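Subject: Structure handover and notes

Hello,

Please find the structure below, followed by notes on what turned up in it. Read them with the model open.

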Amino acid sequence: MSEITIRIAGMSCGGCVRNVTETLKALPGVAGAEVSLERACAVVQYDPAAIDVAAMRRAVEEAGFDAPQ
Ligand code: 9UX
C-alpha cells in the first residue's frame, strides 16, 4: 500500500469534503482517504498496482473540484 497527498482546490464546506472523500474511496484500488478543507488536500492510501495518481486527480475533477499538480 502506498500513500500520497493530492492538492485539491475549490472545496468550500464540509459537504465538499464528504463528496471528495466518497469520490476517492469509491475508486477501485483506493483503500482510504482523509480530506482536509483547511489544508486543501487529500491523503490517500492506495494500491499502486490498481490505480495511479492521475486517475485520482481525474476523478476529483470530474466531481467538480480542481486537483492541480
Ligand atoms: Mo457545500 Mo461544496 O454547501 O460542493 S457541498 S460548497
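Which backbone nitrogen does the side chain of aspartate 47 reach? The side chain of aspartate 47 reaches the backbone nitrogen of alanine 49, at 2.9 Å. That is a polar contact, meaning a pair of N or O atoms within 3.5 Å where, within protein, one atom must be able to donate a hydrogen and the other to accept it, and where residues adjacent in sequence count only if both atoms are side-chain atoms.

How to read the values: this is a predicted model, in which local features need pLDDT of at least 70 and side-chain atom pairs count only at pLDDT 80 or more, while totals for chains, interfaces and linings use all residues. Residues are numbered from 1 along each chain as its sequence is written, and side-chain values use heavy atoms, with hydrogens and water left out.

Aspartate 47

Aspartate 47 sits in the loop between strand S3 (41-46) and helix H2 (53-62). Helices (H or I, at least four residues) and strands (E, at least two) are DSSP runs, numbered from the N terminus. Aspartate 47 counts as partly exposed because its relative accessible area is 32%; buried means under 20%, exposed over 50%, and partly exposed in between (1.4 Å probe, protein chains only). Not counting residues up to four places away in sequence, aspartate 47 touches Met1 and Gly29, where contact means heavy atoms within 4.5 Å. Serine 2 is 45 residues from aspartate 47 in sequence, but the two are 6.1 Å apart in space, C-alpha to C-alpha.

The strands

S3 pairs with two other strands. Strand S1 (residues 2-7) and S3 run antiparallel over six bridges, and S2 and S3 also pair in the antiparallel sense over six bridges. Two strands pair if DSSP finds at least two bridges between them. Alanine 42 in S3 is the bridge partner of isoleucine 6, and valine 35 also stands opposite alanine 42. Valine 44 in S3 is the bridge partner of alanine 33.

Six of the six residues of S3 are buried. Cys41, Val43 and Gln45 point one way from S3, Ala42, Val44 and Tyr46 the other way, and all are buried. In a regular strand the side chains alternate between the two faces of the sheet. In S2, five of the seven residues are buried.

The hairpin of S2 and S3 has four residues between the strands. Alanine 40 lies in that loop between S2 and S3. The phi of alanine 40 is near 55°, a positive value in a residue other than glycine. Alanine 40 is partly exposed because its relative accessibility is 31%.

The nonpolar core

The largest nonpolar core has 20 residues, and Ile8, Met11, Val20, Leu24, Val44 and Met56 touch the most other members. The elements that give two or more residues to this core are helix H1 (14-25), strand S2 (30-36), S3 and H2. H1 gives the most, with four residues. A nonpolar core here is a set of buried Ala, Val, Leu, Ile, Met, Phe, Trp, Tyr and Cys residues joined through side-chain atoms within 4.5 Å. In soluble globular proteins, nonpolar side chains tend to be buried together.

Leaving aside neighbours within four places in sequence, valine 20 is in contact with Ile8, Met11, Val35, Val60 and Phe65. Valine 60 is in helix H2 and counts as buried because its relative accessibility is 1%. With residues up to four places away in sequence not counted, valine 60 touches Ile8, Val20, Thr23, Leu24, Phe65, Asp66 and Ala67.

Threonine 21 lies in helix H1. Threonine 21 is buried because its relative accessible area is 14%, and beyond residues up to four places away in sequence it touches Ala33 and Val35.

The ligand

Which residues are around the ligand? They are Ser12, Cys13, Gly15, Cys16 and Phe65, where a residue is near a molecule if one of its heavy atoms lies within 4 Å of it. By class, this shell has three nonpolar, two polar and no charged residues. Ala, Val, Leu, Ile, Met, Phe, Trp, Tyr, Cys and Pro count as nonpolar, Asp, Glu, Lys and Arg as charged, and the others, Gly among them, as polar.

Serine 12 is in the loop between S1 and H1. Serine 12 is exposed because its relative accessible area is 62%.

Regards
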